[in-house]
Amino acid sequence: MAVASMLKDADIKVALEGCKAADSFDHKKFFKACGLSGKSSEDVKKAFTIIDQDMSGFIEEEELTLFLQNFAAGARALTAKETKAFLAIGDADGDGMIGVDEFATMVKA
């Protein structure tokens with residue numbers, strides 16, 4: 001299951017177009033444009049479980065690199081700079097990973 005199944009195709013397309021260039025990813029703009037920030041807490045948690053591909057209960061750096069590909073096949077990978085910035089913003093407790101509550105806070109911010 002892809003995160004895209006919960007969102008409108010047109011919204012995903014706009015969101016991905018907005019961060020098409022390397023080092024242009026902005027999580028707030030992306031979550032708003034794709035419609036995830038307007039979804040229920042339950043849907044945000046479902047999105048988290050999809051992005052957490054190894055089912056560890058956390059989104060690690062490797063999974064963040066492939067973040068956009070959860071929304072559309074063929075989407076670009078995040079750059080190392082984007083991945084590190086995304087992780088730093090989402091990792092409120094400093095453990096090097098993003099938990100479900102941290103992810104939900106980031107999506108709804």
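Modeller: Buried means under 20% relative accessible area, exposed means over 50%, and partly exposed lies in between (1.4 Å probe, protein chains only). This is a predicted model, in which local features need pLDDT of at least 70 and side-chain atom pairs count only at pLDDT 80 or more, while totals for chains, interfaces and linings use all residues. Residues are numbered from 1 along each chain as its sequence is written, and side-chain values use heavy atoms, with hydrogens and water left out.

Biologist: Is aspartate 93 buried or exposed?

Modeller: Aspartate 93 is placed in the loop between H5 and S2; helices (H or I, at least four residues) and strands (E, at least two) are DSSP runs, numbered from the N terminus. Its relative accessible area is 54%, so aspartate 93 is exposed.

Biologist: Is aspartate 91 buried or exposed?

Modeller: Aspartate 91 is in the loop between helix H5 (80-90) and strand S2 (98-99). Not counting residues up to four places away in sequence, aspartate 91 touches Gly96, Met97, Ile98 and Glu102, where contact means heavy atoms within 4.5 Å. Because its relative accessibility is 14%, aspartate 91 counts as buried.

Biologist: At which residues does UniProt place the feature "binding site"?

Modeller: UniProt positions are given in the numbering used here, feature names are shortened, and annotations may be inferred rather than shown by experiment. The unreviewed UniProt entry places this feature at Asp91, Asp93, Asp95 and Glu102.

Biologist: Which backbone nitrogen does the side chain of glutamate 63 reach?

Modeller: Glutamate 63 lies in helix H4 (residues 61-65). Leaving aside neighbours within four places in sequence, glutamate 63 is in contact with Ile51, Asp52, Gln53, Asp54 and Phe58. At 3.0 Å, its side chain reaches the backbone nitrogen of aspartate 54.

Biologist: Which side chain is joined to that of glutamate 61 by a polar contact, and at what distance?

Modeller: Glutamate 61 is also placed in helix H4, and its relative accessible area is 29%, so glutamate 61 is partly exposed. Leaving aside neighbours within four places in sequence, glutamate 61 is in contact with Thr83, Lys84 and Leu87. A polar contact is a pair of N or O atoms within 3.5 Å; within protein, one must be able to donate a hydrogen and the other to accept it, and residues adjacent in sequence count only if both atoms are side-chain atoms. The side chain joined to that of glutamate 61 is lysine 84, at 2.9 Å.
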